[in-house]
Amino acid sequence: MSNIIAKLDNVTMRYGDKVILQNCSLDVVEGAITCIIGLSGAGKSTILRLLNGLRKPDEGHVYVKGVDICHMPETKLINFRSAIGFAFQFAALFDSMTIGENVSLPLREHSKMSEEEIEKTARATLESVGLEQTFNSMPSELSGGMIKRAGFARAVVTNPDIVLYDEPTTGLDPIVTHLLTDTIKRLRAQLNGTAVVISHDLQSIYMMADYIGMIFEGAIIAYGTVDELKKSMNPIVQQFLQGSEVGPIPL
Amino acid sequence: MKMLEDFGKGTTALIEYAGGVTMLGGETVGFIARARIRLTETLNQAYFLGFQSLIIVLLTSLFTGMVFSLESAQQAVQYGVGNLVGGAVAYTSVRELGPMLSAVVVAGRVGAAICAEIGSMVVTEQIEALQSLGLAPARFLVVPRLLALIIMLPLLTIFADVVSIVGGMWIAQTYAHINPDSFLSSARQTVGFEDVVKGLFKSVIFAIIIVLVGAYQGLGTRGGAAGVGQSTTGAVVISIILIFISNFIMSYMLFGVGH
């Protein structure tokens with residue numbers, strides 16, 4: 001039986017009158033890469049934000065490492081979040097800092113490392129994503145793919161137990177997409193941790209996913225390995241995987 | 001009925017806004033009290049927020065002092081009280097115009113910059129990135145800016161006071177032939193050290209208003225570039241209104257009846 005490191009339990013989430021998630025449940029298996037797929041605006045990114053406490057559900061519970069983080073005060077949550085890496089869709093690097101400073105920041109704020117150790121660790125992390133030469137560059141000097149990899153480096157530099165990736169390959173060419181997918185797999189193995197990836201890119205998901213959850217109309221309607229999902233009899237899943245306009249998904 | 005509903009909504013929004021700014025202020029003060037301060041960033045902000053505002057503050061104060069002197073000096077000489085012009089210019093500059101004009105200028109420049117920077121960070125997910133790295137935006141962004149402006153705005157006000165008086169003195173001499181010694185002597189007799197301190201106290205309150213309103217507006221930014229623009233306009237307008245209101249209240253309490 002696989003260990004569950006994080007879990008959404010019957011979560012309902014609304015933005016104003018709009019219901020984003022409705023009784024949504026999801027198990028994140030420890031040591032695996034779980035990918036979440038679904039239509040644009042289906043609530044995929046909201047799931048990631050629930051998992052690190054950036055959003056609180058209106059109903060239901062979110063457990064991370066056995067702790068219900070829904071009722072955790074912000075002061076505790078701030079410290080808790082440092083154990084969860086988050087790679088944002090557009091990297092969200094701090095544009096007033098160099099890449100090295102961006103990657104060093106979590107270490108500088110949360111560890112008792114000396115400046116030398118911080119720089120050494122940050123350089124090693126950048127090297128692991130193939131960006132060792134960008135330590136002194138500003139984010140504006142990097143290409144889209146490099147910025148995303150720098151975002152990965154910042155997310156994993158503290159060796160978090162879980163890394164959340166929000167649409168890591170969106171808007172990139174197939175070669176860079178392949179490179180990033182490979183990087184996610186390698187980082188997961190290197191950290192011996194868990195990854196949750198939101199993506200639309202099915203090729204990329206098939207390459208890296210241990211488990212896939214498909215979200216539709218606010219709930220996870222299918223969950224399983226890549227093969228299990230490909231063989232799913234659910235017409236919504238099949239329509240999505242085939243990218244077909246014909247089927248039960250309203251356009 | 002609709003009017004009543006709108007009034008209710010407006011009142012609720014106002015209370016929510018005041019509560020939000022107060023909570024942000026409380027959180028910021030909490031970090032300062034626990035000495036959770038980023039010193040280098042505070043110094044950088046002091047340079048950016050203060051030093052780079054110097055020229056515009058000096059120019060505004062110089063011309064205000066000059067125009068005040070221009071309006072009052074000739075009239076004063078006509079009524080035979082030309083020896084009081086220095087006092088009038090200094091009195092107004094130190095107690096009212098220096099602190100308030102500096103604050104209004106800084107609100108337009110610095111308040112807008114703080115709001116636009118933080119607002120841009122919101123729309124590019126940098127604020128969420130901070131939070132996901134376990135860093136509180138109040139400590140990371142607001143504390144350095146607040147400390148920097150609390151130090152720099154009173155300094156700018158001192159410069160503004162001096163330049164305003166010097167400008168007034170020059171105009172009084174040029175157009176009303178008031179002797180500079182007489183002007184300065186009048187200024188010294190009228191304005192005491194206490195007045196200067198009270199004026200600087202006002203500057204500290206204005207600095208708190210500018211930073212907290214700018215940061216709160218920035219953190220509340222929604223949408224893209226248009227959202228940043230709206231927040232920034234709001235930050236400047238709200239700061240300036242609050243500066244005028246608080247200036248009246250402080251003037252009444254510090255210099256009002258019985259003072």
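## Close-up views of a predicted two-chain model

**View 1. The hairpin of β4(A) and β5(A).** Lys65(A) adopts a positive phi near 50° in the hairpin that β4(A) and β5(A) form with 2 residues between the strands. Helices (H or I, at least four residues) and strands (E, at least two) are DSSP runs, numbered from the N terminus, and two strands are said to pair if DSSP finds at least two bridges between them. By that criterion β4(A) and β5(A) pair in the antiparallel sense over 2 bridges, with Val64(A) standing opposite Val67(A) in β5(A). This is a predicted model, in which local features need pLDDT of at least 70 and side-chain atom pairs count only at pLDDT 80 or more, whereas totals for chains, interfaces and linings use all residues. Residues are numbered from 1 along each chain as its sequence is written, chains are lettered from A and ligands numbered from 1 in the order in which they are written, and side-chain values use heavy atoms, with hydrogens and water left out.

View 2. Contact here means heavy atoms within 4.5 Å, while axes are lines fitted to C-alpha atoms, for helices over the stretch in contact, and angles run from 0 to 180 degrees between N-to-C directions.

**View 3. The six-stranded sheet of chain A.** A further open sheet has 6 strands in the order β6-β7-β8-β3-β9-β10 (chain A), with mixed pairing. Because β6 (84–87) and β10 (219–224) of chain A stand at the edges with a single partner strand each, one side of each is left without a neighbour in the sheet. Neighbouring strands of this sheet are turned by 20° against each other on average, direction ignored. Strand β3 (residues 33–38) of chain A runs parallel to strand β8 (residues 194–198) of chain A and is joined to it by 4 bridges, Thr34(A) standing opposite Val196(A) in β8(A).

**View 4. Helix α9 of chain A and Gln238(A).** Helix α9 (residues 235–242) of chain A packs on the six-stranded sheet, where it touches β3, β9 (211–216) and β10 of chain A, and its direction makes about 105° with that of β9(A). Gln238(A) is found in this helix and, when residues up to four places away in sequence are not counted, touches Leu229(A), Lys230(A), Lys231(A) and Ser232(A). The C-alpha atoms of Gln238(A) and Gly171(A), which are 67 residues apart along the chain, are separated by 24 Å.

View 5. Glu119(A) forms a salt bridge with Arg123(A), in which the closest N and O atoms are 2.9 Å apart; the term stands for a side-chain nitrogen of Lys or Arg within 4 Å of a carboxyl oxygen of Asp or Glu. Both Glu119(A) and Arg123(A) lie in helix α4 (residues 115–128) of chain A, 4 residues apart, about one turn of the helix. Over all chains, the count by this rule comes to 17 salt bridges.

**View 6. The interface of chain B and chain A.** Chain B, with 9 helices and 0 strands, places 16 residues in contact with 22 residues of chain A. The area buried between the two chains (accessible area, 1.4 Å probe, that two parts lose on being put together, summed over both) is about 1,600 Å², of which carbon and sulfur atoms give 57%. In chain B, Glu128(B), Ser132(B) and Leu133(B) lose the most area to chain A, together 36% of what that side buries. The rule finds 4 salt bridges across this interface, and Glu128(B) forms a salt bridge with Arg49(A), the closest N and O atoms being 2.8 Å apart. The elements giving two or more residues to the side of chain B that touches chain A are α5 (126–132) and α6 (137–176) of chain B, and α5(B) gives the most, with 6 residues.
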